[in-house]
Amino acid sequence: MRKSHPVRRVVLATAATVSGVVLLLSLKPSSDPASAQAGGTIPQQTAAAQESAQGGTGAAAGGAVTGDVVQTQYGPVQVRITVSGNKIMKSEAVQAPKGGESDQKTALSVPKLNQDVVAKQSPQIDTVSGATYTSEGYKKSLQSAIDKANAAAPAQPSAQPSKPAGGSAGAAAKTVTGAVSQTQYGPVQVRITVSGGKVTKAEAVQAPKGGTSDQKTALSIPKLNQEAVAAGSADIDSVSGATYTSEGYKKSLQSALDQAGG
């Protein structure tokens with residue numbers, strides 16, 4: 001019987017080992033991050049880092065926004081609004097004048113101002129009688145908060161103008177309050193609603209009252225309201241017996257028309 005040579009056995013064993021190693025290397029998947037990304041797969045760590053750099057998913061539209069502090073003669077005023085769906089859901093004064101008579105004026109004016117903001121959805125709110133400085137400071141801080149909310153709101157995609165019930169395209173109705181007009185018998189202030197370039201409603205939010213003024217106001221204001229809608233301008237007739245009220249009405253009406261764009 002022929003014996004195999006020892007050297008030959010070593011050579012054969014070495015060749016078998018090398019073949020096995022080559023086979024294992026050809027089956028092992030690549031773990032190089034660069035090759036994985038080239039193949040379309042992003043590692044988990046890279047995806048998380050990318051989201052962090054972009055600020056996550058972004059802030060949702062709405063939330064609480066605090067306006068700037070406005071210094072008044074009686075102390076600072078600062079307003080915070082809560083916005084949801086492009087609407088002011090809540091308004092509150094986080095700072096307001098306090099101490100002495102200021103406590104009473106703040107307690108009288110701030111709740112009214114808060115309600116007026118939500119009702120009108122605008123900084124064009126009425127000044128509370130007896131709390132002029134607080135009211136003016138409130139409106140300035142409110143405007144600041146609204147500006148911040150608008151700046152933080154995401155850009156809305158452009159869309160075709162909506163059509164009203166009549167079928168023709170038109171701008172949405174808006175309500176505008178004119179400036180207060182002081183008369184010999186008291187302040188007069190007019191609020192109008194404009195839709196499609198026309199005055200659809202007019203009303204006096206302030207008018208002389210007390211004594212004979214009550215009768216004159218009840219007599220004149222309804223007529224002036226009708227005239228304003230019919231004329232669509234401040235060129236309306238004064239009501240006989242209520243001249244001062246009529247003139248104050250027309251001045252405030254003109255102010256509202258100017259704000260609405262003529």
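**Exercise 1.** Characterise the packing of helix α6 (residues 212-231) against helix α7 (residues 243-260).

*Solution.* Step 1: the two helices pack at an angle of about 35°, and their axes are 11 Å apart; axes are lines fitted to C-alpha atoms over the stretch in contact, with angles from 0 to 180 degrees between N-to-C directions. Step 2: the crossing of α6 and α7 is right-handed, that is, the near helix is turned clockwise from the far one by less than a right angle. Step 3: α6 contributes Ser220, Ile221, Leu224, Asn225 and Ala228 to the contact, and α7 contributes Thr245, Ser246, Tyr249 and Leu253 (contact: heavy atoms within 4.5 Å). Step 4: these residues comprise five nonpolar, four polar and no charged.

The model is predicted: local features need pLDDT of at least 70 and side-chain atom pairs pLDDT 80 or more, while totals for chains, interfaces and linings use all residues. Residues are numbered from 1 along each chain as its sequence is written, and side-chain values use heavy atoms, without hydrogens and water.

**Exercise 2.** Describe how helix α4 (residues 101-120) and helix α5 (residues 132-152) cross.

*Solution.* Step 1: their axes come within 11 Å and cross at roughly 35°. Step 2: the crossing of α4 and α5 is right-handed. Step 3: Ser109, Leu113, Asn114 and Val117 of α4 meet Thr134, Ser135, Tyr138 and Leu142 of α5. Step 4: the contact divides into four nonpolar, four polar and no charged residues.

**Exercise 3.** Which residues have the most contacts inside the largest nonpolar core?

*Solution.* Step 1: a nonpolar core joins buried Ala, Val, Leu, Ile, Met, Phe, Trp, Tyr and Cys residues through side-chain atoms within 4.5 Å; buried means under 20% relative accessible area, exposed over 50%, and partly exposed in between (1.4 Å probe, protein chains only). Step 2: the largest core has 18 residues, and Ile192, Leu224, Tyr249, Leu253 and Leu257 have the most contacts inside it. Step 3: β7 (186-195), β8 (198-206), α6 and α7 each give two or more residues, and α7 supplies the largest share, five residues. Step 4: a second, separate core of 15 residues includes Val77, Val79, Ile125 and Leu142.

**Exercise 4.** Why is the pair of tyrosine 74 and tyrosine 133 classed as it is?

*Solution.* Step 1: rings of Phe, Tyr and Trp (its six-membered ring) pair if their centres lie within 6.5 Å; planes under 30 degrees apart are stacked, over 60 edge-to-face, and the rest tilted. Step 2: the count is two aromatic pairs. Step 3: the ring centres of tyrosine 74 and tyrosine 133 are 5.5 Å apart with planes at 65°, so the pair is edge-to-face.

Definitions and conventions. Helices (H or I, at least four residues) and strands (E, at least two) are DSSP runs, numbered from the N terminus. Ala, Val, Leu, Ile, Met, Phe, Trp, Tyr, Cys and Pro count as nonpolar, Asp, Glu, Lys and Arg as charged, and the others, Gly among them, as polar.
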